[in-house]
Amino acid sequence: MFQGETAITIDDKGRLAVPTAYRELVARECGNRLVITYNPFESGSLWLYPLSVWERVRDQVNALPKAKKVNRSMQLKLVGAAEFVELDGNGRISIPASHRAAVAIEKKAVLLGMGDKFELWSEQAHHAQIRQTVSDDDLSEELLGLQL
């Protein structure tokens with residue numbers, strides 16, 4: 001279970017250091033490997049999955065009928081863009097340059113633990129998301145049932 005928000009610095013080689021609090025969990029549960037791909041719902045972020053979670057997601061997305069454009073778009077953004085990344089001896093992973101450029105991640109980013117995966121946001125996109133508020137019009141029945 002990943003949770004929490006960490007400000008991250010991307011080095012000149014496109015690497016980020018996985019927070020020490022997660023390194024043992026990533027080593028044990030993921031064999032030091034993650035899968036990185038695009039967030040198909042929001043610009044400015046990438047998703048980082050443990051391999052076992054990724055395989056389930058990949059299989060579900062690939063099973064979607066290819067006759068629908070939205071399904072092909074999901075397949076392109078999730079499966080077609082997926083890359084394996086591995087923690088090096090210093091606990092860093094390399095974020096592919098194409099992925100960084102597509103979501104405008106430069107030197108500063110934010111890593112969010114989102115339960116079964118991480119989200120890596122550009123600092124600007126993360127700040128924009130956090131500044132948005134939920135209005136009454138946004139509240140679904142599921143949200144109304146939450147006891148926050």
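This is a predicted model: local features need pLDDT of at least 70, side-chain atom pairs count only at pLDDT 80 or more; totals for chains, interfaces and linings use all residues.
User: Let's start with the strands. How many strands form the open sheet, and in what order?

Analyst: First the general idea. Strands of a sheet pair through backbone hydrogen bonds, either parallel or antiparallel. Now this model. The open sheet has 6 strands, and their order is β1-β7-β8-β4-β3-β5. The pairing is antiparallel.

User: Which are the edge strands?

Analyst: They are β1 (2-9) and β5 (83-86). Each of these pairs on one side only.

User: Take one pair. How many bridges join β3 to β4?

Analyst: There are 5 bridges between strand β3 (residues 33-38) and strand β4 (residues 45-50). The two run antiparallel. For a place to look, find Thr37: it stands opposite Trp47 in β4.

User: Which strands does helix α1 touch?

Analyst: Helix α1 (residues 20-30) packs on the sheet and touches β1, β3, β4, β7 (108-115) and β8 (118-122). Its direction makes about 115° with that of β1. Helix α5 (residues 123-131) packs on the sheet too, touching β1, β7 and β8. The direction of α5 makes about 105° with that of β8.

User: Now two helices. At what angle do the axes of α2 and α3 cross?

Analyst: Again, the idea first. Two packed helices are described by the angle between their axes and the distance between the axes. Here the axes of helix α2 (residues 51-62) and helix α3 (residues 69-80) cross at roughly 155° and come within 10 Å. That angle is over 145, so α2 is roughly antiparallel to α3. The crossing of α2 past α3 is left-handed.

User: Which residues meet there?

Analyst: From α2 come Trp54, Arg58, Val61 and Asn62. They meet Met74, Gln75, Leu78 and Val79 in α3. The residues of this contact divide into 5 nonpolar, 2 polar and 1 charged.

User: Is Asn71 buried or exposed?

Analyst: Asn71 is found in helix α3. Its relative accessible area is 10%, which is under 20%, so Asn71 is buried. Leaving aside neighbours within four places in sequence, Asn71 is in contact with Leu64 and Pro65.

User: And is Gln124 buried or exposed?

Analyst: Gln124 lies in helix α5. Its relative accessible area is 51%, over the 50% cut-off, so Gln124 is exposed. Gln124 and Val110 are 14 residues apart along the chain, and their C-alpha atoms are separated by 9.4 Å.

Conventions:
Residues are numbered from 1 along each chain as its sequence is written. Side-chain values use heavy atoms; hydrogens and water are left out. Axes are lines fitted to C-alpha atoms, for helices over the stretch in contact, and angles run from 0 to 180 degrees between N-to-C directions. Helices (H or I, at least four residues) and strands (E, at least two) are DSSP runs, numbered from the N terminus. Angles under 35 degrees count as roughly parallel, over 145 as roughly antiparallel, 65 to 115 as roughly perpendicular and the rest as oblique. A crossing is left-handed if the near helix is turned anticlockwise from the far one by less than a right angle, and right-handed if clockwise. Contact means heavy atoms within 4.5 Å. Ala, Val, Leu, Ile, Met, Phe, Trp, Tyr, Cys and Pro count as nonpolar, Asp, Glu, Lys and Arg as charged, and the others, Gly among them, as polar. Two strands pair if DSSP finds at least two bridges between them. Buried means under 20% relative accessible area, exposed over 50%, partly exposed in between (1.4 Å probe, protein chains only).
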